[in-house]
Amino acid sequence: MPMSRSEMFDKWGIFHKSYDATGILNDFANHIEYSRSKDRYTATLKDLYFSLALTARDRLVEQWIKTQQLYHQKDVKRVYYLSAEYLMGRALLNNLINLDIYDQTLEAMAKIDLDLEKIIDHEPDAGLGNGGLGRLAACFLDSMATLMIPAVGYGIRYEFGIFEQEIRNMGQHECPDEWLKYGNPWEIERPEYSFIVKFYGKVNEDWGPDGTTIREWTDTKDIVGVAYDTPIAGYGNITVNTLRLWSAHATREFNLDFFQNGDYLKAVEQKNLSENISKVLYPNDSTFEGRELRLMQQYFFASCSIQDIIRRYLIDHRTFDEFPDKAAIQLNDTHPSLAIPELMRLLIDDHAIKWDRAWEITRKTCAYTNHTLLPEALEEWPVTMFERLLPRHLQIIRRIDVMFRKKVSLKYPGDTDRLARVSIVTGDPGAKVRMAHLAMVGSHSTNGVAALHTRLLKEFILKDFNEIFPERINNKTNGITPRRWLLAANPGLASLITEKIGSDWVTDLGQLRRLEEFADDGEFMERYDGVKKANKERLAKLAVRLTDVAIDTTSIYDVQIKRFHEYKRQMLNILHVMYSWLRLKEDPDYKPCPRTYIFAGKAAPDYFISKLVISLVNHVAAMINDDSETGDILKVIFLPNYGVSLAEAIIPAANVSEQISTAGYEASGTGNMKLALNGALTVGTLDGANIEIMEEVGEENIFIFGLNTSEARELAAEYDARKFLAADPILKKTVELLRSGFFSPQQKDLFRPLGDAILGNDRFLVLADFDAYRQAQERAGREYVDRDLWNRKSLLNVARSGKFSSDRTILEYNREIWHADRLVIPAEKMNITSADPAFIDRED
């Protein structure tokens with residue numbers, strides 16, 4: 001069991017800052033006065049939050065500096081994790097827990113009659129991500145620090161994030177997410193680490209003294225990327241890694257000549273155009289300008305990151321011979337895949353390394369994670385856009401493509417169809433650059449994120465590549481950090497678990513298996529049930545505040561919380577809600593267990609169908625919730641502006657976890673893991689990580705339904721949705737009510753497109769799976785009535801979720817892909833000198 005920080009500090013006295021309540025209180029008071037220029041009479045809640053955050057950050061910074069010093073002195077191999085998203089959530093509570101000063105801080109705030117929970121709740125969620133991709137990246141940062149793996153996360157410092165969702169006229173309305181409006185106390189600007197990023201221009205060619213061709217990218221429009229660093233603390237150790245985010249700035253932010261001549265807009269035009277790159281996560285790509293801005297974003301953050309990685313490496317090395325032994329670059333999806341040609345460009349053009357050697361270095365250094373089974377989500381960019389925006393990179397990509405196609409031709413002579421399928425640059429007309437192919441060819445490892453996902457990559461999406469590189473595609477099933485998703489989000493359950501089995505589970509989630517021995521302990525199970533009830537009561541209060549809808553805390557909390565997308569099938573869920581309501585009206589013998597359906601999630605601003613489903617959920621809720629005949633049995637709520645903090649309130653309270661994507665479409669999912677870890681029972685398809693959850697928790701403790709992947713593929717080829725209506729009159733009537741405008745009387749045709757979609761060529765097979773889904777929901781309802789049976793199943797879900805820790809995932813990445821030594825920093829050696837030893841933990 002790791003030594004607590006308090007023990008470390010008491011024994012060796014190695015840090016300047018005190019970690020007891022008195023020291024925390026003194027520093028908090030100092031920040032109120034000196035950082036915020038306030039006193040006890042004028043300090044607002046915002047001042048209290050900033051001052052407490054800075055108090056915690058002071059302690060992080062001491063360990064951060066010393067960690068980075070030791071990394072430098074030991075010349076360690078570092079993992080560089082490149083991700084377009086980091087859905088971090090609030091940082092204060094997480095940092096207090098990882099610093100092991102939560103209890104001391106609680107005591108300090110109590111001494112001056114301040115409510116720590118209110119201060120924590122005042123922090124906005126960092127607007128750096130959208131969904132599972134960004135939350136996974138955040139969990140991975142936590143695990144890398146906890147496992148003492150030297151690492152840096154790279155991304156973009158979005159000024160406005162994705163968007164803030166408001167429900168207006170019962171539909172989604174997007175507002176700017178001004179999460180940086182009042183500043184961010186966790187970040188530190190690093191203008192000394194700024195890099196020039198080039199766009200547009202032309203490539204000139206000349207002959208070098210040795211007869212080789214020298215290419216120079218000239219006449220470019222340049223932008224400056226400025227680094228902002230955030231410390232990432234490990235749990236149970238003194239490791240603090242770095243999240244480095246890039247902010248776009250103009251090379252010349254203000255033109256005085258234009259200003260003096262009265263052209264005030266022109267005076268700041270360059271500043272505004274440059275800063276657009278880091279304004280918003282995923283700008284709308286329905287226009288040419290939006291698509292170009294997305295490509296600029298991706299190159300901007302890839303270029304800044306690769307330049308920074310090379311800068312750091314050259315501090316201790318004169319040649320690039322050891323580069324792959326000191327840097328492991330992990331590309332989180334295709335967004336950072338321009339890192340591959342950018343690394344090639346810098347090695348060849350700036351450091352005069354020959355092509356073959358540069359290619360060897362690049363491939364040994366880079367690895368790629370695929371996150372999708374949707375062909376349309378595998379990014380492609382028009383060659384014409386590349387020619388205009390990144391002409392030098394297009395040259396490099398074309399050469400990589402020619403080299404790869406030659407390799408394929410030699411292995412498969414005359415197979416022109418295969419050549420066309422695997423090419424990086426497609427043929428005319430409308431030639432495009434396939435970013436997933438570039439990432440696959442330019443790296444030494446490609447991994448899927450669940451066992452089924454990886455198998456489908458090998459058999460379908462990347463079948464040709466798997467035959468060309470039979471050892472390259474591997475699986476790394478996703479995971480979640482138990483520090484945030486159980487210890488912080490569900491303190492009642494975490495405390496109960498620790499009381500029974502100790503605290504080692506926080507860093508060894510497999511220890512939860514020991515809870516199985518308490519499944520028949522009546523006193524324990526009563527307390528376990530009490531924790532869930534308390535969590536449900538808290539969520540009910542939040543629901544009233546957000547929606548003005550009162551919900552029955554004894555009802556089943558049936559939860560579907562995720563990004564709205566057709567393949568995730570929120571449509572199947574709300575169709576079943578409508579069906580259940582109609583059945584209650586028409587079938588007097590139908591007496592289901594009371595249930596509250598809880599929806600939350602955002603749809604992309606230009607995703608018409610998914611936004612329409614959000615509107616349908618809210619229209620159905622407005623009608624059903626006002627029905628006095630069914631209101632005690634069925635309620636629907638949509639909780640707006642879903643993010644990490646809202647998830648932390650919903651997940652501990654959930655009874656049923658909806659994981660109902662069409663089989664073969666969800667890569668993995670991590671919401672399913674969070675909900676199972678907190679005792680929700682899954683109603684799900686055989687898709688993504690649901691399969692592995694079923695294998696772990698047992699088929700009797702999960703409600704699996706519907707078509708499997710092969711059955712779904714076969715049915716889709718000759719799908720007739722209408723035949724499923726003939727077998728169920730209530731379902732037929734439900735769809736008729738949807739299409740006729742019953743749920744939108746003021747706008748009769750509003751939801752007709754949804755009805756047409758599920759009756760037409762619906763590749764997501766909503767009606768095909770409906771009856772099996774209905775039966776699974778009825779089984780769940782019947783079992784919930786038996787509270788002892790349900791609680792036992794719930795506990796076994798918690799006890800058997802150990803596999804789904806992101807610590808396990810990261811250990812697999814490190815053991816099989818990165819090969820970075822874990823640097824164990826002994827507390828007594830934190831007064832670092834060049835002679836100080838550190839423990840290098842080398843894995844087999």
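Modeller: Before we start on the helices, one convention: a crossing is left-handed if the near helix is turned anticlockwise from the far one by less than a right angle, and right-handed if clockwise. This is a predicted model, in which local features need pLDDT of at least 70, side-chain atom pairs count only at pLDDT 80 or more, and totals for chains, interfaces and linings use all residues. Residues are numbered from 1 along each chain as its sequence is written, and side-chain values use heavy atoms, with hydrogens and water left out.

Colleague: Fine. How many helices and strands are in the protein chain?

Modeller: The protein chain has 35 helices and 23 strands. Both are DSSP runs numbered from the N terminus: helices are H or I with at least four residues, strands are E with at least two.

Colleague: And what radius of gyration does the protein chain have?

Modeller: It is 28 Å, which agrees with the value near 28 Å for a compact globule of 844 residues. The radius is taken over C-alpha atoms, and the globule rule is 2.2 Å times the number of residues to the power 0.38. Along the principal axes, the C-alpha atoms of the protein chain fill a box of roughly 90 × 70 × 65 Å.

Colleague: Back to helices. At what angle do α24 and α31 cross?

Modeller: Helix α24 (residues 570-586) and helix α31 (residues 729-740) cross at roughly 110 degrees, and their axes come within 9 Å. Axes are lines fitted to C-alpha atoms, for helices over the stretch in contact, and angles run from 0 to 180 degrees between N-to-C directions. α24 and α31 are therefore roughly perpendicular to each other. The crossing of α24 past α31 is right-handed.

Colleague: Which residues in α24 meet α31?

Modeller: On α24 they are Met571, Leu575, Met578, Tyr579, Leu582, Arg583 and Glu586, and they meet Ile730, Leu731, Lys733, Thr734, Val735, Leu737 and Leu738 in α31. Contact means heavy atoms within 4.5 Å. The contact of α24 with α31 has 10 nonpolar, 1 polar and 3 charged residues. Here Ala, Val, Leu, Ile, Met, Phe, Trp, Tyr, Cys and Pro count as nonpolar, Asp, Glu, Lys and Arg as charged, and the others, Gly among them, as polar.

Colleague: What about α2 and α3, how far apart are their axes?

Modeller: The axes of α2 (residues 21-35) and α3 (residues 45-74) are 8 Å apart, at an angle of about 125 degrees. α2 and α3 are therefore oblique to each other, and α2 passes α3 in a right-handed crossing. Their contact residues divide into 6 nonpolar, 5 polar and 4 charged.

Colleague: Is the crossing of α22 and α23 left-handed or right-handed?

Modeller: Left-handed. Helices α22 (residues 491-501) and α23 (residues 522-547) pack at about 160 degrees with axes 9 Å apart, so α22 and α23 are roughly antiparallel to each other. The contact of α22 with α23 comprises 5 nonpolar, 1 polar and 4 charged residues.

Colleague: Now the sheets. In what order do the 9 strands of the open sheet run?

Modeller: The order is β5-β8-β9-β2-β1-β10-β11-β14-β15, with mixed pairing. Two strands pair if DSSP finds at least two bridges between them. The edge strands, each pairing on one side only, are β5 (188-199) and β15 (473-475). Ignoring direction, neighbouring strands of this sheet are turned by 25 degrees against each other on average. Helix α11 (residues 288-314) packs on the sheet, its direction making about 120 degrees with that of β5.

Colleague: Which strands are in the open sheet of 6?

Modeller: The order there is β18-β17-β16-β19-β20-β21, with parallel pairing. β18 (634-638) and β21 (703-704) are the edge strands. Between β16 (residues 556-561) and β19 (residues 656-659) there are 2 bridges, and aspartate 558 has valine 656 in β19 as its bridge partner. Helix α34 (residues 787-799) lies across β19, β20 (681-684) and β21, at about 85 degrees to β20.

Colleague: Last topic, backbone. Is the peptide bond from aspartate 428 to proline 429 cis or trans?

Modeller: Cis, with omega near -5 degrees. Proline 429 is in the loop between α17 (416-422) and β13 (432-434). Aspartate 219 has a positive phi, near 55 degrees, and sits in the loop between β7 (213-218) and β8. For background, most residues other than glycine have a negative phi, and most peptide bonds are trans.

How values were computed
Angles under 35 degrees count as roughly parallel, over 145 as roughly antiparallel, 65 to 115 as roughly perpendicular and the rest as oblique.
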